[in-house]
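Thanks, everyone. I'll keep this short: metal sites first, then the cavity. Here is the model.

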Amino acid sequence: MELRKDPITRSWVITGDDVSESTPATEACRFCPASSLPLQVIATLPGLDGGPWSARAVVHPQPLYHIEGDPSRRGDGLYDRMGSVGAHEVLLENPRHDGHLWNASDGEVEQFLRLVALRIQDLKRDPRFKYVSIFKNHGQSAGEEFDHPTSELTATTFVPRRVLYELRAGRDYFGNKERCVFCDILAQEERQGLRILEIRGDYAAFCPYAPRVPYETWILPRSHEASFERTGASRVGNLSDLAALLRRTLQRIRTITGSFHLVLHTSPNSQHQSGSLGYWKTLDDDYHWHIEILPVLEAKAKSYTFKEVYYSPLTSETAVKRLREAKV
Ligand SMILES: [Zn+2]
Ligand SMILES: [Zn+2]
Ligand SMILES: [Zn+2]
């Protein structure tokens with residue numbers, strides 16, 4: 001595997017001829033506490049109520065990125081390439097095979113969120129990494145990899161394209177108005193009340209004004225904070241409202257579809273000394289962490305056009321009404 005940069009859009013892609021053999025289907029789940037299959041455990045949070053553990057991070061069994069080595073970025077004529085150096089971890093959300101984020105206790109979801117914060121904090125100490133991504137693909141049509149309740153983490157030597165757009169847009173907006181665009185969006189949404197799904201303590205869930213897919217939902221802290229891991233690791237007890245809101249939002253979305261993508265967007269690694277990326281002084285003021293949930297509606301086959309221009313056959317105002325009515 002190697003990373004190549006598209007010289008036109010300036011986005012990195014990971015590519016290589018996949019020669020890995022498909023792993024034979026095994027009866028037993030490798031992530032359940034009773035499994036005898038070897039795992040490279042990176043971090044474990046202690047169990048609740050006598051459980052073996054509550055959440056843990058392990059090395060992905062078929063990692064796309066490898067932790068050792070130097071990315072050795074190099075040119076190839078006008079092209080840029082680098083080695084796929086990074087981290088690729090599986091985050092086990094719960095020791096129970098059926099302990100999903102929408103049916104686990106708030107305490108269990110909170111432990112998982114705490115693990116996420118600790119892993120991001122730890123990987124950001126490595127100056128080679130520019131960004132740590134957390135994502136979850138749930139359901140067959142969303143590209144789910146494991147039956148066990150899991151999310152994934154990647155630490156990369158580049159900032160993913162969508163985050164880069166957000167960072168640049170946040171900086172430009174701040175440059176003009178000296179305000180955070182996410183704070184302004186949330187203030188307007190709370191004032192208008194048209195697309196707010198639920199507010200719980202310092203957290204809000206809402207359907208964005210211009211959704212990419214039907215029922216797209218974001219969760220944000222209502223107080224400004226650029227870095228999720230700062231919220232998650234320092235303010236003790238602060239994650240319980242977020243855990244409850246995440247659980248309830250996923251319950252609502254699951255009344256519409258069983259498949260979704262979830263992604264956490266937090267600030268990039270400011271330890272990385274990069275002149276070219278130009279980490280700016282206002283990053284802490286102009287970026288605002290959030291969770292994006294993108295439901296996958298199976299009936300809606302995608303034509304190519306919809307990958308170039310998003311098409312959502314349902315407005316967020318209608319979507320939020322249906323999600324609000326869902327029984328949780
Ligand atoms: Zn399992
Ligand atoms: Zn903000
Ligand atoms: Zn985002």
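Before the sites, the geometry rule. Four donors count as tetrahedral if all angles lie between 85 and 135 degrees. Four count as square planar and six as octahedral if opposite donors are over 155 degrees apart and all others between 65 and 115; anything else is irregular. Donors are N, O and S atoms within 2.8 Å of the metal (3.2 Å for Na, K and Ca), and water is not among the atoms, so sites may look incomplete.

Some housekeeping. This is a predicted model, where local features need pLDDT of at least 70, side-chain atom pairs count only at pLDDT 80 or more, and totals for chains, interfaces and linings use all residues. Residues are numbered from 1 along each chain as its sequence is written, chains are lettered from A and ligands numbered from 1 in the order in which they are written, and side-chain values use heavy atoms, with hydrogens and water left out.

Start with the zinc ion (ligand 1). Its donors are Cys29 (SG), Cys32 (SG), His97 (ND1) and His148 (ND1), at 2.0 to 2.3 Å. The angles among the four donor atoms run from 104 to 117°, and the site is tetrahedral. The sequence spacing is C-x2-C-x64-H-x50-H. His97 and His148 link distant parts of the chain, 51 residues apart. His97 sits in the loop between strand E7 (86–92) and H1, and His148 in the loop between E8 and strand E9 (150–156). Helices (H or I, at least four residues) and strands (E, at least two) are DSSP runs, numbered from the N terminus.

Are these two histidines buried or exposed? Buried means under 20% relative accessible area, exposed over 50%, partly exposed in between (1.4 Å probe, protein chains only). His148 counts as buried because its relative accessibility is 2%. His97, at 32%, is partly exposed.

Next, the zinc ion (ligand 2). Cys180 (SG), Cys183 (SG), His224 (ND1) and His288 (ND1) lie 2.0 to 2.3 Å from it. This site is tetrahedral too, with angles of 106 to 113°. The spacing reads C-x2-C-x40-H-x63-H. Cys183 is in helix H3 (residues 181–192) and His224 in the loop between strand E12 (217–221) and helix H4 (228–234), so the pair ties together parts 41 residues apart in sequence. Cys183 is partly exposed at 24%, and His224 is partly exposed at 30%.

Now the zinc ion (ligand 3). Its protein donors are Glu166 (OE), Glu166 (OE), His265 (ND1), His290 (NE2) and Glu292 (OE), at 1.9 to 2.7 Å. In sequence that is E-x98-H-x24-H-x1-E. Glu166 in helix H2 (residues 161–177) and Glu292 in strand E14 (residues 290–295) are 126 residues apart. Both glutamates are buried.

Last, the cavity. On a 1 Å grid over the protein atoms alone, a cavity is a set of points where a 1.4 Å probe fits but cannot get out; lining residues have an atom within 4 Å of a point. The structure holds one cavity of 30 Å³ or more. The largest cavity has about 110 Å³ of space. Of its 13 lining residues, the closest to the centre are Phe112, Leu113, Ile134, Leu262 and Ile291. Helix H1 (106–123), strand E8 (131–138) and strand E13 (260–265) each supply at least two lining residues.

Leu113 is buried, at 4% relative accessibility. Beyond neighbours within four places in sequence, Leu113 is in contact (heavy atoms within 4.5 Å) with Phe228, Leu239, Leu242, Ala243 and Leu246.

Terms used. On a 1 Å grid over the protein atoms alone, a cavity is a set of points where a 1.4 Å probe fits but cannot get out, and a pocket is an open set with protein on both sides within 12 Å along at least five of seven lines; lining residues have an atom within 4 Å of a point. Grid points are joined across faces, edges and corners, and a volume is the space filled by probe spheres set on the points.
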